[in-house]
Amino acid sequence: MAKVTFVNVDRPALEGVAIPARVYKSSEEAVKDVARNAAGLVEARRQEGTPCVLGLPTGSTPVGVYRELVRMHRDEGLSFNHAITFNLDEYLPIPNDDPNSFQQFMRDQFFNHVDVKENNLHIPDGTTPIAEVDRHAEEYEAAIAEAGGFDLMLLGIGRTGHIGFNEPGSAPDSRTRRVELSAETRHDAAKAFGGLDNVPTHAITMGLQTMFQAERIVLLAFGEHKAEAVRKALEEPPSSDCPASLLQRHESVAFVLDEAAASGLSRMSG
Ligand code: GLP
């Protein structure tokens, strides 16, 4: 199988930083580079005739990556008909067609505009009754294993340092499960939901162990509000206090930052 490497993974780490990190002047430039690299991987797998298994995030951060991939599909013939996708997480409970559901987000931002096959899309089901969540989570894990594991996992980061919805305290060996959202995470979602009381208290998320099995991981963070979480993830010892810092133990991970998100790093300020 052809080895496709992300340019940023090959770059030497910033001094004093535990994970290779590439800092871009703007998020627009960053998302284009990430999309171009992801497209290269998708195309390489297509030429080999093997599926391309992708772990996909939601949130404002990856929107530009999806926009660029949609453009490449439309203008350059990039095909996703051999892609198998697994989203990181979903609110619980939430109706599938709720404008704030990650199901709806992914269809609006990406799936409705490319040729990915409906049967190959996987998003945790926000309508799962509590009594059935464990079974649903096991089936999600089994589907990932059956797909052969992730070629690429794209991640964002929450202000708490969460990845997916693995909030501080999440174990490195955690699997897909129901989780309680932190106050800060719910606060950040309050505007979109039209008030804190409307934000679900729980979610279902892929576990840290599930994510860390990916062959390569790229975490994107843009904006000054992410600077402290990025600093902790890159400069403090790996700890469940900042789940993203546990990525330091992964072999092939890169952070893609804009200058604002990198502004807390001692390398940038020193
Ligand atoms: C949500 C998602 C995360 C995402 C985070 C950051 O909590 N579960 O996967 O990384 O939001 O969102 P944004 O990119 O909008 O800052």
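Residues are numbered from 1 along each chain as its sequence is written, and side-chain values rest on heavy atoms, with hydrogens and water left out. Because the model is predicted, local features require a pLDDT of at least 70 and side-chain atom pairs a pLDDT of 80 or more, while totals for chains, interfaces and linings use all residues.

Rolling a probe the size of a water molecule over the atoms shows where empty space is left. On a 1 Å grid over the protein atoms alone, a cavity is a set of points where a 1.4 Å probe fits but cannot get out, and a pocket is an open set with protein on both sides within 12 Å along at least five of seven lines; lining residues have an atom within 4 Å of a point. Grid points are joined across faces, edges and corners, and a volume is the space filled by probe spheres set on the points.

The largest pocket has a volume of about 790 Å³. It is lined by 30 residues, of which Thr58, Gly59, Ser60, Tyr91 and Phe102 lie nearest its centre.

Residues around the ligand, with a heavy atom within 4 Å of it, include Asp89, Phe102, His162 and Lys226. Polar contacts are pairs of N or O atoms within 3.5 Å. A backbone N or O atom of Ser60 lies 2.8 Å from an oxygen atom of the ligand, and a polar backbone atom of Ile157 is 3.3 Å from a ligand oxygen atom. For Gly164, a backbone N or O atom lies 3.3 Å from a nitrogen atom of the ligand.

The second largest pocket has a volume of about 180 Å³. Its lining includes Ser60, Thr61, Arg67 and Phe222, and helix 3 contributes the largest share, five residues.

One cavity of 30 Å³ or more was counted, and the largest cavity has a volume of about 50 Å³. Among the residues that line the largest cavity are Ala38, Leu54, Phe80 and Leu152. Helix 2 (27–48), strand 2 (52–56) and strand 6 (152–155) each supply at least two residues of this lining.

Technical notes: Helices (H or I, at least four residues) and strands (E, at least two) are DSSP runs, numbered from the N terminus. A polar contact is a pair of N or O atoms within 3.5 Å; within protein, one must be able to donate a hydrogen and the other to accept it, and residues adjacent in sequence count only if both atoms are side-chain atoms.
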